[in-house]
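The sequence and coordinates are shown first.

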Amino acid sequence: MAKYSIQVNGTRHDVEALEDMPLLWVIRDIIGLKGTKFGCGKALCGACTVHLDDVAVRSCSLPVSAVGEGKITTIEGLSEKGDHPMQQAWENYVVPQCGYCQTGQIMNAVALLKSNPHPSDQQIEEAMQGNLCRCGTYNRIKAAIVSVASPEKAPALVVPERNHSSK
Amino acid sequence: MSEVLNSSRRNFLKAGAVLGSGLLISFTVPGAKKLAGAGGASMVGPQSGAAFAPNAYLHITADNQILVYLAHAEMGQGIWTTLSMMIADELDVDVNKMVVQHGDAWKPYNHTLFGIQITGGSSTTYSEFERYRKAGATARMLLVEAAAKKFGVSPSACTTANGIVTAGNKTATYGELASEAATLTAPADVPLKDPKDWKYIGKGVKRLDTPAKINGTAKFGMDVQFPGLLTATVLHAPVFGAKVKSVDAAKAKAIPGVKQVVQIPTGVAVLADNYWAAKKGRAALKVEWDLGSGVQVDSTAMMAKYKQLAKTPGAPAAKGGNVDTGMSKAVKTVEAVYTFPYLAHAPMEPLNVTIELKDGKCEIWCGTQMPGMDQDAAAKVLGLKPEQVRVNTVFLGGGFGRRATPASDFVKEAAEIVKASGKPLVKMVWAREDDVKGGFYRPAFVHNVKVGLNADGMPVAWSHNIVGQSIMEGTLFAAMIKDGIDAASVEGVADSPYLAAVPDKLVTLHSPKNEVPVLWWRSVGHTHTAMAMEAMIDELAHAVGKDPLAYRQELLKDHPRHLAALNLAAEKAGWGKPLAAGRFRGIAVHESFLSYVAHVVEISLNSDGTIKVHKVVSAIDCGLAVNPDGVRAQIESGINFGVSGALLGEISLEKGRVQQGNFNDYVVSRMFDTPAEIEVHIVENGGKMGGVGEPGVPPVAPAIANAYFSATGKRLRDLPFNKAILKA
């Protein structure tokens, strides 16, 4: 066991952990933030994606000892009210089904646009290929990303409005 | 066999088809009552403390909260929203302001048709359409009555909207009326709204669970956490059915954070402060196994055996005339063998269960499709009565059938850990490898089909032998197997519309057994039967020089709902119109779970000859589409699930060992495998309601195989297709 001081969502956390403990389990089991998900444990599915200094990393395969002074952002730290433009796009296109992979999808998509604000369809597919979704929401994920990156190419919304009230 | 017998056989299979897919219609299940989560009887249901609790599905608090309790589990299919819409429309409240939660394991939540508490068979929406609307309508009637009393007017002078009752210039919120309404007696029956007055149903709303699922607050089983909770991993046997011979846990116990190592019937469990310590502890275990007979399972040899077996008839599942005579009179015959591997469900959330055992009471938190049976299973392991076990269903990170095991395998395993360790609070977590190697697969199947055609090119004799493990066999549902036929193995063939007009036919089934546990996988028997039927129909069309769409239209002329879906998909896809160079189309239509789905796919070939699907134009007839965007989402989902299974998916075994372990070798579709364009069209004909979660899957594989034939002149008959292409 060793002691680590890591910065998550702007807050410093002093944790004691095995040095090979992946960041994912520090975030989930020690710090207690559950929005970052465990899917495969081998960086094959992307459910555990967080940002390390604005770059998407698979936290299930990043030992806590490798984090150092890097700033970690999880889904809980992406926006105050769940209203980051990417989250709003996810809401607009009604992306999630079971929802388990979606926080990782959103974190990966946000990091993509930070490094490449206007990706082509092919660049989106390449950047998102490490994020699995067994519900098969890929088409809506892509539509949501396009709507943020290149609003003029945003696929038409065919989903109903959220705010209609009962008569 | 006479027509009468034939038709009753078909009817039985119709019921069986629904059953296989989701489970049984209760009147067909001997002993269903015993299975029905018996413990629920003496439990009290949701303890909301709400002032007005008119039924198990809807409570209203004095501060005007509308609480909805779901009889079914949300696993992505959208019923969190759909069931709430039904209540909101009758109750006249804003659906977005309802507080929705899963109901406990409790008898009032038993399936209205299947008699046990289950989410499956794509049946939630149609099976709850009356119960949930009535729950809302009854509450509204009592609230109006309470308001009328309060205002001193007659109920007919009151109107309702947005959770408020109004009469003239007097108003009261539902919350203000809740205590008074609670004193009134609900009428035995209440009228339901005229469909023209629906605000939500048929028009649709955005999913209510989206906000929680995009900000990280949605609670899945994996996210359950309590102070003092220990996390457990299990070292499972390397071979199905193997038993622990000896355990050396010294090194495991030396890992910091590991608290205990216990032997359980399914392996060896390591309990630790957190998952990482439990996983490291498991890796440090030295276990010797008594491998047993499971070591003999080899999927390649098994498929060779299945193919031999498929040459001979098994137990009859559907029969008419004399197939040998019919075949001898045919002017042309077409024969084909189709093979299907084992498939894992691989939901994104690995299986997990949290159990607390305290003061003779047990509480379970789990993403499950069958909470009642899990309740019974856990009670049995822990020596409790079912009513001493409370099951809290949390969001399911995907189900696809895996979280509905008649054996309650994962809940039972967690209970065994609690029992063996004596620890009061344990969360069992499976790694991805446990899931992929853990069995409960879609069974491997072989279909051997031979069809005789008359001079007009129409099928007049149909011989069809199916070989594959039974899903029901050895489970509490085994009583469903009639005369050697597990309906879940033959649904989609034995009741196929194509066979209805064939005078001489024989569909048979072999159900070999082995140690590999099998289970329903999204769309169950239809995962293979639709491929065998729709690929064969395409082969027949080409054998007699007819257009595949025109041939189907002719064969399905007495099946209007198949035809409507087929024609709509074909029209929207521009069937027959020229395509870009290198693009090819295929078509298929199939009924499952009481809905009718047709797909037209457009493919091209990659440089290595494998298939790339570019576009799918789909049409579904599910009767009333309660939430149309939800229907579209489910068909999109089914298409992607189908593409994944058709092109990529395979579980294989050598010397009893599953050869795949994670997403590197159990390959599932990624964004670049997904058809860039998916169009879903909903047939509106007011027909009987059907399901939408599964019916999008079955026609995918045959539509792709048929497109591949257009591209290459070659037939794909072995799944997964891309492997078959690379091997050829």
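What percentage of the 728 residues of chain B count as buried? The model is predicted, and in it 60% of the residues of chain B count as buried.

**Chain B overall**

Chain B contains 21 helices and 27 strands. Its C-alpha atoms fill a box of roughly 80 × 75 × 50 Å along the principal axes. A compact globule of 728 residues would have a radius of gyration near 27 Å, and because chain B has 27 Å, the value agrees with that expectation. Among contacts in chain B with a separation of 6 or more, 78% join residues 24 or more positions apart.

**A buried strand residue**

B:Val391 belongs to strand S17 of chain B, which covers residues 389-393. Why is B:Val391 classed as buried? B:Val391 has 29 C-beta neighbours inside 10 Å, and the cut-off for a buried residue is 20 or more. Leaving aside residues up to four places away in sequence, B:Val391 touches B:Asp104, B:Ala105, B:Ile364, B:Cys366, B:Pro371, B:Asp374 and B:Gln375. B:Asp290 is 101 residues from B:Val391 in sequence, and the C-alpha atoms of the two are 35 Å apart in space.

**The contact between chains A and B**

Chain B gives 58 residues to the contact and chain A gives 53 residues. On the side of chain B that touches chain A, the elements giving two or more residues are helices H6 (210-215), H8 (275-283) and H19 (628-647) of chain B. H19(B) gives the most to this side, with seven residues.

| Class | Residues on the side of chain B that touches chain A |
|---|---|
| Nonpolar | 28 residues |
| Polar | 16 residues |

**Helix H1 of chain A**

Helix H1 of chain A spans residues 23-31, and eight of its nine residues are buried, so the helix is largely enclosed by the rest of the structure. The buried residues of H1(A) are A:Leu23, A:Leu24, A:Trp25, A:Val26, A:Ile27, A:Arg28, A:Asp29 and A:Ile31. Which elements do the buried residues of H1(A) pack against? They pack against strand S1 (2-8) and strand S2 (11-17) of chain A, together with H8 of chain B. H8 of chain B is also one of the elements that give two or more residues to the side of chain B that touches chain A. Just after H1(A), A:Gly32 has a positive phi of about 90°.

Key
Residues numbered from 1 in each chain as written. Chains lettered and ligands numbered in written order. Predicted model: local features only at pLDDT ≥ 70, side-chain atom pairs only at ≥ 80, totals over all residues. Helix = DSSP H or I, 4+ residues; strand = E, 2+ residues; numbered from the N terminus. Rg over C-alpha atoms; globule rule 2.2 N^0.38 Å. Buried ≥ 20, exposed ≤ 12 C-beta atoms within 10 Å, placed from the backbone. Contact = placed C-beta atoms within 7 Å. Nonpolar A, V, L, I, M, F, W, Y, C, P; charged D, E, K, R; others polar.
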